[in-house]
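Subject: Structure handover

Hi,

Here is the structure I promised to pass on. Please open it beside this email and follow along.

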Amino acid sequence: MTLTKDELLKAPADEYMNEAQLAFFRQLLEDLRQETMDNIEAAKQQLASPPEMNDEADRASYEEESRLALRIVDRERRLLPKIDAAMKRIANGDYGYCLESGEPIGILRLLARPTAELCAEVKALNERKELNFRH
């Protein structure tokens, strides 16, 4: 039996990343992977069948929609390896723990971003370092 989101959120801290929680996130990642693949396919279909364009306004509108579809495909395409990496971390027993500090990432963060590799503290620190490095 798979946990519900409410059950997951109410679980005690000492049950962090037990089999039931890992099964929940495995299913969440599988669903995310399928949704991502569906989004890519839908965008490809949209790009493959351009509508009849009778004037410049139609052409401009179609070009803007195509640009947006290409951006979506690119973003979704980059998400797939992250999903696969998260699935490997589940298989290895590393899922839910920060790759740098080893600390728990946290259920709330994983619900918001199931492909998260870093806890919020390390991620924020890395972003500050990046920001300082650029300036």
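A residue counts as buried when its relative accessible area is under 20%, and as exposed when that area is over 50%. In between, a residue is partly exposed. Keep in mind that this is a predicted model.

Start with Met17. Its relative accessibility is 9%, so Met17 counts as buried. Met17 lies in the loop between α1 (5-10) and α2. Its backbone is worth a look. Most residues other than glycine have a negative phi. Met17 is not a glycine, yet its phi is positive, at about 60°.

Met17 also belongs to the largest nonpolar core, which has 16 residues. Which of them touch the most other members? They are Met17, Phe25, Tyr95 and Leu110. Helices α2, α3 and α4 (107-112) each give this core at least two residues. The largest share, 5 residues, is from α2.

Now click on Tyr95. Leave out residues up to four places away in sequence. Tyr95 then touches Met17, Leu22, Phe25, Leu29, Ala86, Arg89, Ile90, Leu110 and Pro114. There is also a second, separate core of 5 residues. Ile40, Ala43, Val73 and Leu80 are among them.

Next, the helix pair. Two packed helices are described by the angle between their axes and the distance between the axes. Here, α2 spans residues 19-48 and α3 spans residues 56-92. They pack at an angle of about 155°, and their axes are 9 Å apart. An angle over 145 degrees counts as roughly antiparallel, so α2 is roughly antiparallel to α3. Their crossing is left-handed. The contact of α2 with α3 has 18 nonpolar, 4 polar and 7 charged residues.

Leu47 sits in helix α2. Is Leu47 buried or partly exposed? Its relative accessibility is 26%, so Leu47 counts as partly exposed. Setting aside neighbours within four places in sequence, Leu47 is in contact with Tyr62, Ser66, Ala69 and Leu70. Leu47 and Arg67 are 20 residues apart in sequence, and their C-alpha atoms are 9.5 Å apart in space.

Last, find Lys82 in helix α3. Its relative accessible area is 47%, so Lys82 is partly exposed. Lys82 and Glu121 are 39 residues apart in sequence. From C-alpha to C-alpha, Lys82 and Glu121 are 20 Å apart in space.

Best wishes

Notes. Residues numbered from 1 in each chain as written. Predicted model: local features only at pLDDT ≥ 70, side-chain atom pairs only at ≥ 80, totals over all residues. Heavy atoms only, no water. Axes fitted to C-alpha atoms, helices over the stretch in contact; angles between N-to-C directions. Helix = DSSP H or I, 4+ residues; strand = E, 2+ residues; numbered from the N terminus. Parallel < 35°, antiparallel > 145°, perpendicular 65-115°, else oblique. Left-handed = near helix turned anticlockwise from the far one by under 90°. Nonpolar A, V, L, I, M, F, W, Y, C, P; charged D, E, K, R; others polar. Core = buried A, V, L, I, M, F, W, Y, C linked by side-chain atoms within 4.5 Å. Buried < 20%, exposed > 50% of the residue type's maximum accessible area, 1.4 Å probe, protein only. Contact = heavy atoms within 4.5 Å.
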